Amino acid sequence: MSVPDFIEARRSIRAFRAEPVDRDALDALVEAACIAPAPHHSRPWRFVVIDTDAGKAALSLGMGARWRADLTNDGVTPERVEELIASSHAKITGAPALVLACLTWDGLDRYPDETRQRAEWGMALLSLGAAVENLMLTAANAGLASCWVAAPIFCPEAARDALELPNEWLPHALVLVGHPEASYVPRVRPPVPLETLRVNK
Ligand SMILES: Cc1cc2nc3c(=O)[nH]c(=O)nc-3n(C[C@H](O)[C@H](O)[C@H](O)COP(=O)(O)O)c2cc1C
């Protein structure tokens, strides 16, 4: 049994040509995301498609302010902090389009105790990962480049407020999307060592 070619063909691509991505193509990615498996027929996701300079800058600056505070708190030197923030800003604002994947409690169960409440949110988060994978596979299939960026999961409220999203939309994943720069070489993908990653019982 081998991994289907279209799954293997998806790579994180971090360099894009300048041309914009068609809005219909972006909508097709969101549609693919929205047929991912989700707990009890919920769709606890909301997607924000951002392809304006103002939107990209607002998101990057909002998350950057939070990150700057965290790094400073960690004792990172001001020079290094600014270097990291500038590099992240260039990455986010340099992508032709962004898809910001948010979680909501819409359709999820509520529990009186924290353990089950956390598990419910965890299920939603797992399904968001499945949705994002659908999105990126569909992008690859359409000849588009994509790369998942972790930033919002560290500062969901800052990302939400930067884009003036509804209070209950909590951003958890950011995907850069664009037409791939032909010269970009994806990082080497290590082989899958089944003997250490799986056991048979
Ligand atoms: C939850 C998550 C967060 C990630 N965050 C980042 C990120 O912040 N920056 C980045 O360049 N790549 C990020 N990646 C992409 C991974 O680095 C990439 O998927 C991994 O190296 C495997 O490479 P491949 O996607 O080409 O197979 C992230 C991936 C996941 C699943």
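**View 1. A polar side-chain atom of Arg10 lies 2.9 Å from an oxygen atom of the ligand.** This is a predicted model, in which local features need pLDDT of at least 70 and side-chain atom pairs count only at pLDDT 80 or more, while totals for chains, interfaces and linings use all residues. Residues are numbered from 1 along each chain as its sequence is written, and side-chain values use heavy atoms, with hydrogens and water left out. Arg11 also places a polar side-chain atom 2.9 Å from an oxygen atom of the ligand. For Arg189, an N or O atom of the side chain is 2.9 Å from a ligand oxygen. A polar contact here is a pair of N or O atoms within 3.5 Å; within protein, one must be able to donate a hydrogen and the other to accept it, and residues adjacent in sequence count only if both atoms are side-chain atoms.

**View 2. Here is the shell of residues around the ligand, with Arg10, Arg11, Ser12, Arg14, Lys91, Cys147, Trp148, Val149, Ala150 and Arg189.** By class, the shell has four nonpolar, one polar and five charged residues; Ala, Val, Leu, Ile, Met, Phe, Trp, Tyr, Cys and Pro count as nonpolar, Asp, Glu, Lys and Arg as charged, and the others, Gly among them, as polar. Strand E3 (residues 145–149) gives the most to this shell, with three residues. Helices (H or I, at least four residues) and strands (E, at least two) are DSSP runs, numbered from the N terminus.

**View 3. Trp148 is found in strand E3.** Its relative accessible area of 37% makes Trp148 partly exposed, where buried means under 20%, exposed over 50% and partly exposed in between (1.4 Å probe, protein chains only). Leaving out residues up to four places away in sequence, Trp148 touches Gly129, Val132, Met136, Ala173, Leu174 and Val175, a contact being heavy atoms within 4.5 Å.

**View 4. The largest nonpolar core has 26 residues.** Such a core is a set of buried Ala, Val, Leu, Ile, Met, Phe, Trp, Tyr and Cys residues joined through side-chain atoms within 4.5 Å. Look for Leu29, Trp45, Phe47, Leu128, Val132, Leu135 and Val177, the residues with the most contacts inside this core. Two or more residues come from each of helix H2 (23–33), strand E1 (45–50), strand E2 (97–103), helix H5 (114–141) and strand E4 (170–178). H5 gives the most, with eight residues. Beyond four places in sequence, Leu135 touches Leu29, Ala33, Val99 and Val175. A second, separate core of 19 residues includes Val48, Ile50, Leu163 and Leu174.

**View 5. Ser127 is found in helix H5.** Ser127 counts as buried because its relative accessibility is 5%. A polar atom of the Ser127 side chain lies 2.8 Å from the backbone oxygen of Ala124. Not counting residues up to four places away in sequence, Ser127 touches Ala36, Pro37, Ala38, Pro39, Pro44 and Trp45.

View 6. Most residues other than glycine have a negative phi. His41 sits in the loop between H2 and E1 and counts as exposed at 82% relative accessibility. You will find Glu164 in the loop between helix H6 (156–162) and E4, exposed with a relative accessible area of 73%.

Key
A residue is near a molecule or strand if one of its heavy atoms lies within 4 Å of it.
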